[in-house]
Amino acid sequence: MGEPPGYRPSAWVHVLHQLPRADFQLRPVPSGFAPRELAYQQALLLVVALAGLGLGLSLIFIAVYLIRFCCCRPPEPPGAKSPQPGGGCVTWSCVAALLIGCAGIGIGFYGNSETSDGVFQLSSALLHANHTLSTVDHLVLETVERLGEAVRTDLTTLEEVLTQRTELVAAARGARRQAETVAQQLQGLAFWQGVPLSPLQVAEDLSFVEEYRMTVMSLLVLVLSWGSMGLEAAAAVGLSDFCSNPDTYVLNLTQEETGLGSDILSYYFLCNQEVSSPFQQRLTVSQRALANIHSQLQGLEREAVPQFPAAQKPLLSLEETLNVTEGNFHQLVALLHCHGLHKDYGAALRGLCEDALEGLLFLLLFSLLSAGALATALCSLPRAWALFPPSDDYDDTDDDDPFNPQESKRFVQWQSSI
């Protein structure tokens, strides 16, 4: 299948797409994108479970460390106040946790920015495609209405004026038939009219998800970095499977959701220059009919106006309608060419499979660093807490210190006796 202009599967797509996949019974699963198949869903859930395994191992490590620190220390002799060892280790552990956390925050900001850029590019491409399809529908509707009005009014009036000349009436009726042919052919060009799937609605749904994505992901990172990492890993793996060969899945899904023919969808999604447009015959018939109408009107203007001055007004109105129709027709020819919608398709894939996928990978690294920083901090807390002096060390205060509780009490008593 042809690839959209400017889109090639990135190295990240190839690397993630080559990773092995297995279901819950550890049986191999093909890496083709099939989100509705149970085996593929289990493979992605298994990727999420790997993050859960990492969470369990980190919790076990922290628990073992804390148990060893709290329960396996040698007993101290009574009254001994020797300094606690390990101050340097605690300091460097805190520094490491701080550096890892700062690096994770920077990577997380970059990943979130890339993901947002990818979703924005995808939404923009969908909105542009929706504008193209809406313009086609509008031009077809406007042109058909104009031609219908011309047939009902101007051509009818022209036939009534030319009733004395049979050949001129025949020419007017020929123009009527050609106009009806053009209207009938143009009605078939609005192929997206009445389709339940709206690119505008898809773009609005994406914007809604993107608006709350950062909030949800931040909550997951705050509560459980490993959970966020699992979701991001599964999303990255599934997205790489989609991006490795998106045309087949998009074609099948769009045909299922819209009911459009495979010839129309293949023309716009693949845009093979060797394949002609599925609307080529309609466009050719319409163009010939418009040319015939133009010739007939010119003939009527030469023959009828000198003998029937009343025919000049409907003829001028018909010529104006014909000029507008030809202008709309040329716009339809340009809009119905596959290049515009295929370009939007390529922009959507680049936003989803390049920027968004790269952003997910950086967010995955951010979650991993956050989990590492959290584990390091948790392991450092007990030893750091042991370095704080006990509360008894604060009882050795100067009697003349104004902040001494006894001195403050004597001062209050002195003030009350005055």
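Mentor: Buried means under 20% relative accessible area, exposed means over 50%, and partly exposed is in between, with a 1.4 Å probe and protein chains only. Glu114 has a relative accessible area of 13% and is therefore buried. This is a predicted model, in which local features need pLDDT of at least 70 and side-chain atom pairs count only at pLDDT 80 or more, while totals for chains, interfaces and linings use all residues. Residues are numbered from 1 along each chain as its sequence is written, and side-chain values use heavy atoms, with hydrogens and water left out.

Trainee: Where does Glu114 lie, and which residues does Glu114 touch, not counting residues up to four places away in sequence?

Mentor: Helices are DSSP runs of H or I with at least four residues, strands are runs of E with at least two, and both are numbered from the N terminus. Glu114 lies in helix H3, residues 87-161. Contact means heavy atoms within 4.5 Å. Leaving aside residues up to four places away in sequence, Glu114 touches Asp355, Ala356, Glu358 and Gly359.

Trainee: How is a pair of aromatic rings described?

Mentor: A pair of aromatic rings is described by the distance of the centres and the angle of the planes. Rings of Phe, Tyr and Trp (its six-membered ring) pair if their centres lie within 6.5 Å; planes under 30 degrees apart count as stacked, over 60 as edge-to-face and the rest as tilted. By this rule the count is 6 aromatic pairs. In one of them, Phe33 and Phe242 have ring centres 5.4 Å apart and planes at 70°, so this pair is edge-to-face. The pair links distant parts of the chain, 209 residues apart: Phe33 is in the loop between helix H1 (11-17) and helix H2 (38-71), and Phe242 is in helix H6 (residues 225-244).

Trainee: How do the axes of helix H9 and helix H10 cross?

Mentor: Axes are lines fitted to C-alpha atoms, for helices over the stretch in contact, and angles run from 0 to 180 degrees between N-to-C directions. The axes of H9 (residues 280-304) and H10 (residues 312-336) come within 11 Å and cross at roughly 160°. Angles under 35 degrees count as roughly parallel, over 145 as roughly antiparallel, 65 to 115 as roughly perpendicular and the rest as oblique. H9 and H10 are therefore roughly antiparallel to each other.

Trainee: Which residues of H9 and H10 meet?

Mentor: Among them are Leu283, Leu290 and Ile293 in H9, and Leu315, Leu322 and Phe329 in H10.
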